[in-house]
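Here are my comments on the model you sent. Please keep the structure open while you read.

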Amino acid sequence: MTFYQIKLQSFKRAIYSNHAQLKTARGIRKYTDTHYWENLDLDDLSRNLYVSKYHMLRLFKQYYGQTPRQYLIDQRIEASKEKLKSGMSVTQCCFTVGFESPGSFSTLFKSRTGKTASQYQKEQFSRSNSSKQF
């Protein structure tokens with residue numbers, strides 16, 4: 001082995017020393033991305049990924065800067081934006097993306113986007129109509 005290969009391996013070990021932890025954090029994110037509409041909680045995630053829920057919570061926050069619950073809400077809000085753009089009603093959108101009540105959906109949507117869901121939908125329709133005119 002050359003000097004450069006040895007140095008490269010030592011850098012690789014230092015940078016990727018927690019590969020298993022990173023893999024777990026990515027697994028949590030991937031599972032959340034593909035199951036965001038389901039009723040997910042820490043117990044479900046930890047059971048599906050075979051890891052302690054407290055360890056999972058620390059890992060996810062360490063790598064992504066937010067809790068799995070915060071990430072899940074962000075995913076649901078982003079999905080709801082797409083559904084609202086396509087013309088789905090606010091109430092139907094709320095339940096489709098996994099929120100349990102229109103009240104909590106409205107509160108979270110407004111806190112994350114600065115607009116109510118109906119305001120967002122109206123704005124998107126007016127944008128699409130104005131772009132069609134030109």
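**Notes on the model**

1. Start at one loop. Tyr50 sits between helix H3 (42-49) and helix H4 (53-64). Keep in mind that this is a predicted model. Tyr50 is not a glycine, yet its phi is positive, at about 55°. Is Tyr50 buried or exposed? Its relative accessibility is 75%. The cut-off for exposed is over 50%, so Tyr50 counts as exposed.

2. Asp43 and Lys53 form a salt bridge, and their closest N and O atoms are 3.0 Å apart. Asp43 belongs to helix H3 and Lys53 to helix H4, so the pair ties together parts that are ten residues apart in sequence. Asp43 is partly exposed, with a relative accessible area of 33%. Lys53 is partly exposed too, at 25% relative accessibility.

3. Next, a link between distant parts of the chain. Asp74 forms a salt bridge with Arg112, with 2.1 Å between the closest N and O atoms. Asp74 is in helix H5 (residues 68-85) and Arg112 is in helix H7 (residues 102-113). They are 38 residues apart. Asp74 counts as partly exposed, at 24% relative accessibility. Arg112 is partly exposed, with a relative accessible area of 37%.

4. One more pair deserves a look. Glu123 and Lys115 meet through their side chains in a salt bridge, at 3.1 Å from N to O. Glu123 has 23% relative accessibility and counts as partly exposed. Lys115 has 27% and also counts as partly exposed. How many salt bridges does a search of the whole structure find? It finds six.

5. Step back to the whole fold. The protein has eight helices and zero strands. What is its radius of gyration? The value is 20 Å, whereas a compact globule of 134 residues would have one near 14 Å. Along the principal axes, the C-alpha atoms fill a box of roughly 65 × 40 × 20 Å.

6. Take the contacts in the protein with a separation of 6 or more: 53% of them involve residues 24 or more positions apart. Buried residues make up 28% of the 134 residues.

7. Finish with surface and charge. The accessible surface comes to about 9000 Å², and carbon and sulfur atoms hold 53% of that. There are 22 positive and 10 negative side chains. The centres of these two sets lie 8 Å apart.

Definitions and conventions. Residues are numbered from 1 along each chain as its sequence is written. This is a predicted model: local features need pLDDT of at least 70, side-chain atom pairs count only at pLDDT 80 or more; totals for chains, interfaces and linings use all residues. Side-chain values use heavy atoms; hydrogens and water are left out. Helices (H or I, at least four residues) and strands (E, at least two) are DSSP runs, numbered from the N terminus. The radius of gyration is taken over C-alpha atoms; the globule rule is 2.2 Å times the number of residues to the power 0.38. Buried means under 20% relative accessible area, exposed over 50%, partly exposed in between (1.4 Å probe, protein chains only). Contact means heavy atoms within 4.5 Å. Accessible areas come from the Shrake-Rupley method with a 1.4 Å probe; for residues, only the protein chains shown count as cover. Lys and Arg count as positive and Asp and Glu as negative; His and the chain ends are not counted. The place of a charge is taken as NZ of Lys, CZ of Arg, CG of Asp or CD of Glu. A salt bridge is a side-chain nitrogen of Lys or Arg within 4 Å of a carboxyl oxygen of Asp or Glu.
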